[in-house]
Amino acid sequence: RAVEDAVLEVEDLEKRFGGIVAVDGASFAVERGSITGLIGPNGAGKSTTFNCIAGVHRPDSGRVAFDGEEITGDEPHQVANRGLVRTFQIARELPEMTVLENMMLAPKGQRGESLWRSVLPYFRDEVLDQERELRERAWETLEFFEIDHLAEEYAKNLSGGQRKLLELARALQTDPEMLMLDEPMAGVNPTLEKKLLEHIHQLREQGYSFLIVEHDMDVIMNNCERVIVMHQGAVLDRGSPAEIKANEQVIEAYLGG
Ligand code: ADP
Ligand code: MG
């Protein structure tokens, strides 16, 4: 079954690092409002693909479109401003700041603007309104993830799983349309993992789209309606979990490395 309403389209993506071809002509689409899994053995090019989409790397060739508009080669903040955000495999919270302070940091790259604006009396009310709105949103999100009791805790004191929740909560502060999650379950205990997955499903019900890189095959197969399999920089297969599981090439790619 083809993707009918694509929120993200990747076409013939290529990225080389010196002599290494990390992504070698990958093409795929993500259905709007879906939870789509991106899997493949180590070194298949998943993270590089994420980085090319999110603007961390500029692809050598190929095309990326979000919401029908080309974003190839855009800077990370431009991609985020359009409503496409990613989380990192290693959470990137600021350890010496509280959870709430982390939530208040730089949404949509507007910090510089509000800084100079705050100097002008005319804009001050507007800035305060923005701050208030942001703070309310932060509290709502922390409540949603049930970590509001940790709002005043330093981020460095959180457990690995709580950090993953904060990472996701921070991504949501920018009011995105789509989230790309790089191994969101890594280092998360089973109880928190279950909770995290429930949250992802709830968010999907609200209309968010997800592209998730995850090593845990059960997580992918039980939670994604579509799966994309990468191997050696290209897309080896795509389809429902059942279709993917039935493909012997996929099994071989994993076993053969
Ligand atoms: P995956 O996330 O699927 O494990 P990666 O995208 O991280 O795969 O890596 C794909 C290939 O590109 C690997 O051979 C990796 O060593 C190489 N690679 C990734 N990033 C870089 C980089 N910044 N410099 C050089 N080689 C890289
Ligand atoms: Mg990776």
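**View 1. Residue classes in the shell around ligand 1.** The shell around ligand 1 is made up of 4 nonpolar, 6 polar and 1 charged residues, as seen in this predicted model. The residues that surround ligand 1 are Phe17, Ile20, Ala22, Gly40, Asn42, Gly43, Ala44, Gly45, Lys46, Ser47 and Thr48. Two elements, strand E2 (20–31) and helix H1 (46–54), each give two or more residues to this shell, and H1 supplies the largest share, 3 residues.

View 2. After H1 comes glycine 55, which has a positive phi, near 90°.

**View 3. The open sheet of 6 strands.** The strands of this open sheet lie in the order E6-E7-E8-E3-E9-E10, and their pairing is mixed. Strand E6 (84–87) and strand E10 (234–239) are the edge strands, each of which pairs on one side only. From one strand to the next, the twist averages 20°.

**View 4. The pairing of strands E3 and E9.** Strand E3 (residues 35–39) and strand E9 (residues 226–231) run parallel and are joined by 4 bridges. Within this pair, glycine 37 has valine 227 in E9 as its bridge partner.

Technical notes. Residues numbered from 1 in each chain as written. Chains lettered and ligands numbered in written order. Predicted model: local features only at pLDDT ≥ 70, side-chain atom pairs only at ≥ 80, totals over all residues. Pairing = 2+ DSSP bridges. Axes fitted to C-alpha atoms, helices over the stretch in contact; angles between N-to-C directions. Near = placed C-beta within 6 Å. Nonpolar A, V, L, I, M, F, W, Y, C, P; charged D, E, K, R; others polar.
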